Structures are given as C-alpha cells and as structure tokens.
Amino acid sequence: MTKYVGALDQGTTSSRFMIFDHAGTVVAIDQKEHTQIYPKPGWVEHDPKEIWSRCREVIKGALDKAGIAASDLAAVGITNQRETAVVWDRTTGEPVYNAIVWQDTRTDVYVNEFGKDGGQDRFRAKVGLPLATYFSGPKIRWILDNVPGAREKAEAGNLVFGNIDTWCIWNLTGGVNGGVHVTDVSNASRTMLMNLETLDWDSEIMGIMGIPRSMLPAIKASSAVYGTAVGDLAGVPVAGDLGDQQAALFGQTCFSAGEAKNTYGTGCFMLMNTGEKIVPSKSGLLTTLGYKIGDQPAVYALEGSIAITGALVQWLRDNLGMIEKSPDVEVLAATVEDNGGVYFVPAFSGLFAPYWKSDARGVIAGLTRYVTKGHIARAVLEATAWQTREVLDAMNADSGVPLTALKVDGGMVFNNLLMQFQADVLGVPVIRPVVAETTALGAAYAAGLAVGYWTAVEDLRENWAKDASWSPKLDATTRDREYGQWKKAVTRTFDWVD
C-alpha cells in the first residue's frame, strides 16, 4: 500500500500542502502566504497566478520536508477558499482579471438588481442561499460586464470559470495541456447557480445572471478520481475536492445528522450535517451541500457563515499595529479581566449569517476614557464568540436539535482565552481535536476514500481524538446580559452604506 495521502489547502491568506498517514497524523506541512489586494473600499482580490505559484512551492516544500517522492502518495485532495471566483482563457490559461474574493462587496449592485423581482430570497428555494455579494455567480457577471472583451470571449466559449478548487485542479492536471475543468458539489453549491436537488447548474438562474453554461465546470462527487497530476505530483490521482468548510466537517468526522463543527479562520463557519435531507432555513442560515462520496447520495448541511473573525486579529496587527504577531492578542486581552463595556462588531464586509446585510459596516461601541488597548483586544476576541452564538441560536431553531457540544478547528482554537469564552457564551462544552487543521485532513480523507486508501468513513471516525475541551463557567444571568449588549451593538452597524 502507498504510504501517504496529500492535501492542497488553498485558503484566503495562504496556501499549504499537508501530508497525512493512515492514522490521519500530520507527516509534513509547508505553507506560504499570498498578497491581499484591496483596490477600493469593499473590494478584495487575489492574483490567481501568484496563488498557483505558491501552491507549486508548498507541494514541493512538503514533499522535501517529508523526504518522500510523489509515488509515495496514494492520492491528493484539494480544499479551498470558497466563493472566490476566477475567470480565465481556456486556450492560454491566463486569468482575464484577478480572483474576486468571497469577502468582496462590489457586486451589491447586481444583488440589488436581482432582488427587485422576488427579494433577497428569490433563488433560495432552488439554491439554499440568499442573494448576497458573498457568492460566486454575481462575481462572474461583474467580470463579464467590466473586463473589455470578456463577454464576447465567454459567448464564443473561450472563457471558463471556477472557484479556486477548479483553478487548482485544472492547473494540477495539466492546465492548457489537458487540465480537467471540474468542481465538486460542495463548491458548486456556493455559486448560487447549482440546484440543490438536481446537483446540476440551473438554466433559469444562469439566464437571469447572464452567465453562459460553457463557462461552468462539470460537477462531480467530492470523493472521486478526477484526473492525474503533473509536475511535482506527477502520476498521483487527484481524487478529492471539498470547499474548506465542508472539508472541515468531513475532517471532524461529522458523518451523522445533527453533528456539527465550527472552524475559526479568516472568517468563522459553523456547519451541521442534516443527512440526505435538504433543510430550508428560516433563521438566516445557508442550506448547502456537505459532501458526496462517489455514487452515494449527497449529504446536506446547514451553515452559518461569519465574514470576519481571524481577519479582525490580522486587522489589529496590520492596520493598527497594536500587536506584532496574531497570537499576541491573547496576551494583550489577558491584561484585563473583562471587556470594559466595549463591543466590536466587525462588519467590514457587511454582516453575514444570520443577518445578510451587505450595507452594514463595522463599529466599536461602548467606548469610554476607562478603555485600554487590552479591552479592545478582548472585545476583538469576544466578537468571534458572540457571532458564533448568534449562528448557533439560528441553527438550533432551524434544526430543532439543540447542540450539546461543539467540535472546533482552525488557527484560532489554540487561543485558550477565546475557547473558554466561547464555551461560556454558548453554554455547552467546546472540544478541540488532536489534529486541529481538519480542513486539509478532510480533503485527504475524501481523496483516500476514492482510491481505497481508506475503505469506509467508519475507519476515519477511529482516527478522531480529543486534544482539549472547555466547559462553561459563566453564569446564565451575566451571559444573557452581555449577549443583550452585543445584540444592541450589532444594530448600530445597520444601513451604514447608502
């Protein structure tokens, strides 16, 4: 048996390649950041060519660190920042514009236009999503309308679209020399163009948005062999594809209906497995694809998406210079005993779940002369926990199944102050697994299942192990009072952009 499985994890701020063994243990990792481009307020872009260059570098870096060859890998899986849209020329491989990132708000004019007939929920019954700048479909339309010649090239069949998974798989399998143009159900469900029931592109919505079908990738299962890699991974089957949050659900082995996880990264994303059942949300959540293994039925999920969590710590570091390194926020926050009455609502890209208000903007509420930078740091961390509480309340309401514990993963889960506060405001235990970077692990699992490296999901459950847990310590009266203050602060962000 081949010894390992690899996973390319292309995230919002960095790309990394991780190598896992059969027990799901990390063998090697290499990671590199890429440039964040902010051309105008509310606009966020990445250079797709820089991203692919970083991906190639980390693939080679991880193989070198592990001291192994590509032939030692049974398969490779892809996981990615979702809703970030790339449009490129299928004959030259050149992007026609930078990747428009999921946080970008420039498409609000299209969102408002589409919403005039049917409102924000116009397409929700079909796609499970509200009209919002978050999703890929309107981003494609913006590129076609604003890049000279793009519309004509697209109509002629010369341009193709993909979320970042599709861009990476296309390049990984040869690019202009035979690269496969595919995506999986989890990524396709983030475009606002895929019908949840048919798992195919919806002709009516494509027509309304003005997007030619010829641009769109073939929709495949999340665990299936799509093609064979070239380059440093030459000969390795490319066999797994999951949007990052669905990959984390998979990596956390949330394979039963009612199981949920929360990933703390640039944003925060809570997903609950709802099984083979499509559960419409009445509380501001997204109905999305969880995953699909080969020919088995698709598994659905409810998702609460929060735009800014870890990114707020980065903002404190990079824009204000209050800390030198992201982990320093915990030290600074620990210099005070509470938030000093300060609440920070980071609606930098509008508000996502459960509000979906693209015209909201960030506020810091409750400032007095008493407040220090320690209180600001504490409010920054607490913002993540309070936003998660709002999503959990919505999830409990929609699913009818109160969550009894929350599995967590991502970079922020090593912040013990945050994890304790998270347990306090949720009123349930918070549990961190041994392998906290479950996004890459989920992609590796999907790829390994497709080629028989693992035979069934039950094998994967045996790999999951608890590393740490936090139990609630805050009394209910205090929790409810502070939550009320948070909710009041949120209302101050509404309707800021005219």
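## Strand β2 and its neighbours

Strands β2 and β3 run antiparallel and are joined by seven bridges; two strands count as paired when DSSP finds at least two bridges between them. Elements are DSSP runs numbered from the N terminus, with helices being H or I runs of at least four residues and strands being E runs of at least two. Before going further, please keep in mind that this is a predicted model, where local features need pLDDT of at least 70, side-chain atom pairs count only at pLDDT 80 or more, and totals for chains, interfaces and linings use all residues. Residues are numbered from 1 along each chain as its sequence is written, and side-chain values use heavy atoms, leaving out hydrogens and water.

A hairpin of three residues links β1 to β2. Looking at individual pairs, A7 sits opposite M18 of β2, and L8 has F17 as its bridge partner. M18 also has a bridge partner in β3, namely I29. The hairpin of β2 and β3 has five residues between the strands, and there G24 adopts a positive phi near 80 degrees.

How much of β2 is buried? Seven of its seven residues are, so the strand is largely enclosed by the rest of the structure. Here buried means under 20% relative accessible area, exposed means over 50%, and partly exposed lies in between (1.4 Å probe, protein chains only). Both faces are covered, with S14, R16, M18 and F20 buried on one side and S15, F17 and I19 on the other.

## The sheet and the helices across it

These strands belong to an open, mixed sheet of six strands in the order β3-β2-β1-β5-β14-β13. At the edges are β3 (26-33) and β13 (223-228), each with a single partner strand, so one side of each has no neighbour in the sheet. From one strand to the next, the twist averages 25 degrees.

Helix α1 (residues 48-66) lies across β1, β2, β3 and β5 (73-80), at about 150 degrees to β3. Helix α14 (residues 438-450) lies across β1, β2, β5, β13 and β14 (237-243), at about 135 degrees to β1. Axes are lines fitted to C-alpha atoms, for helices over the stretch in contact, and angles run from 0 to 180 degrees between N-to-C directions; contact means heavy atoms within 4.5 Å.

## Cavities

The model has three cavities of 30 Å³ or more. A cavity is a set of points on a 1 Å grid over the protein atoms alone where a 1.4 Å probe fits but cannot get out, and lining residues have an atom within 4 Å of a point. Points are joined across faces, edges and corners, and a volume is the space filled by probe spheres set on them.

The largest cavity has a volume of about 90 Å³. Its lining has 15 residues, with I306, L351, F352, A353 and Q387 nearest the centre. Helices α12 (373-399) and α16 (476-491) are the elements that give two or more residues to this lining. The second largest cavity, of about 50 Å³, is lined by R378, L381, E382, L417, L418 and F421.

## A look at K153

K153 lies in helix α5 (residues 150-155) and is partly exposed, with a relative accessible area of 39%. Leaving aside residues up to four places away in sequence, K153 touches D89, N158 and L159. K153 and D89 are 64 residues apart in sequence and 8.4 Å apart in space, C-alpha to C-alpha.

Conventions
1 Å grid on protein atoms, 1.4 Å probe; cavity = no way out; pocket = protein on both sides within 12 Å on 5 of 7 lines; lining within 4 Å.
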